[in-house]
Amino acid sequence: MIKTVLQKTDPSYKIKSILEVGCGTGILGSNFMQENILYTGVDSSVEMLNVLRSKFPEQHVQTLNIDVEKEDVSSLEYNFVISQMAFHHLQNPMAVLKKLKKKTPVKIAIIDLDKEDGSFHPDPQGMGVRHFGFSKSEIQKWADEAGLTLQHYQIINTIHKNDNKYPQFLAVLG
Ligand SMILES: C[S@@+](CC[C@H](N)C(=O)[O-])C[C@H]1O[C@@H](n2cnc3c(N)ncnc32)[C@H](O)[C@@H]1O
């Protein structure tokens with residue numbers, strides 16, 4: 001899905017190196033891991049990164065145990081950022097977006113929950129949930145304030161849980 005969107009919105013764009021924010025065990029990242037692309041997964045959980053490393057021991061896959069809200073990530077090598085279900089754990093997603101920008105062009109693809117009523121996680125506070133999803137207008141605001149363009153937005157999936165429906169969006173900023 002993400003690759004198709006990139007191809008449609010910017011056919012000349014080539015992924016050279018990837019940063020995955022809140023990579024967890026690499027579920028999304030695994031779709032992008034290939035020998036000629038350096039993949040860096042960052043996560044604040046060592047346990048998650050250990051699982052990722054055991055699944056993907058290849059040299060072009062590297063991991064960093066960092067909290068993206070506290071550390072500077074822009075010096076890492078990437079021209080493409082991906083993130084799935086991690087932004088709702090960030091206290092200040094906009095500040096992180098601003099940090100992810102570089103002097104050279106970077107595209108940022110975010111998959112997360114559309115605005116929800118807080119019922120998605122059984123224990124939001126205990127699970128470190130800072131936001132109950134995000135509306136399209138919030139994403140547009142992030143883009144405007146970070147000096148980025150919202151190049152693509154679409155609902156890509158709906159999670160059925162607790163007799164409820166939770167749509168997930170894909171937003172591509174660049
Ligand atoms: C719901 S999990 C999603 C994991 C993975 N992206 C996936 O789709 O399965 C959220 C991940 O974000 C990580 N995370 C939360 N806050 C973070 C932060 N400030 N810096 C880095 N990683 C963070 C968590 O440790 C966790 O692995």
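Is I27 buried, exposed or partly exposed? I27 is partly exposed, because 13 other C-beta atoms lie within 10 Å (buried means 20 or more other C-beta atoms within 10 Å of a residue's own, exposed means 12 or fewer, partly exposed is in between, and C-beta atoms are placed from the backbone). Before the other views, please note that this is a predicted model, in which local features need pLDDT of at least 70, side-chain atom pairs count only at pLDDT 80 or more, and totals for chains, interfaces and linings use all residues. Residues are numbered from 1 along each chain as its sequence is written.

**View 1. The loop around I27.** I27 sits in the loop between β1 and β2; strands (E, at least two residues) and helices (H or I, at least four) are DSSP runs, numbered from the N terminus. Q7 is 20 residues away from I27 along the chain, and 21 Å separate the two C-alpha atoms.

**View 2. The whole sheet.** Seven strands form an open sheet with mixed pairing, in the order β3-β2-β1-β4-β5-β7-β6; two strands count as paired if DSSP finds at least two bridges between them. At the edges are β3 (61-65) and β6 (150-161), each pairing on one side only. On average, neighbouring strands of this sheet are turned by 15° against each other, direction ignored (axes are lines fitted to C-alpha atoms, for helices over the stretch in contact, and angles between N-to-C directions run from 0 to 180 degrees). As a reminder, strands of a sheet pair through backbone hydrogen bonds, either parallel or antiparallel.

**View 3. Strand β2 and its partners.** Five of the six residues of β2 (residues 38-43) are buried, so this strand is largely enclosed by the rest of the structure. Strand β1 (residues 17-21) pairs with β2 in the parallel sense over five bridges, and E20 stands opposite G41 in β2. Strands β2 and β3 also run parallel, joined by five bridges; here Y39 has V61 in β3 as its bridge partner.

**View 4. Helix α2 and M48.** Together, β2, helix α2 (residues 46-55) and β3 make a right-handed β-α-β unit; right-handed means that, with the strands pointing away from the viewer, the path from the first strand over the helix to the second runs clockwise. M48 belongs to helix α2 and counts as partly exposed, because it has 18 C-beta neighbours inside 10 Å. Leaving out residues up to four places away in sequence, M48 touches G24, T25 and D43 (contact means C-beta atoms, placed from the backbone, within 7 Å). K165 is 117 residues from M48 in sequence and 27 Å from it in space, C-alpha to C-alpha.

**View 5. The β5, β6 and β7 end, with helix α4.** Strands β5 (residues 107-113) and β7 (residues 164-173) run antiparallel and share six bridges, with L113 opposite Q168 in β7. Helix α4 (residues 136-146) packs on the sheet and touches β6 and β7, its direction making about 145° with that of β6. Ten bridges connect the antiparallel strands β6 and β7, and L150 has L173 in β7 as its bridge partner. The hairpin of β6 and β7 has two residues between the strands, and N162 there takes a positive phi near 50°.

**View 6. The ligand shell.** Among the 18 residues around the ligand, G22, G24, S45, Q84 and H89 come nearest (a residue is near if its C-beta atom, placed from the backbone, lies within 6 Å of the molecule). The shell divides into nine nonpolar, six polar and three charged residues; Ala, Val, Leu, Ile, Met, Phe, Trp, Tyr, Cys and Pro count as nonpolar, Asp, Glu, Lys and Arg as charged, and the others, Gly among them, as polar.

Note on methods. Contact = placed C-beta atoms within 7 Å.
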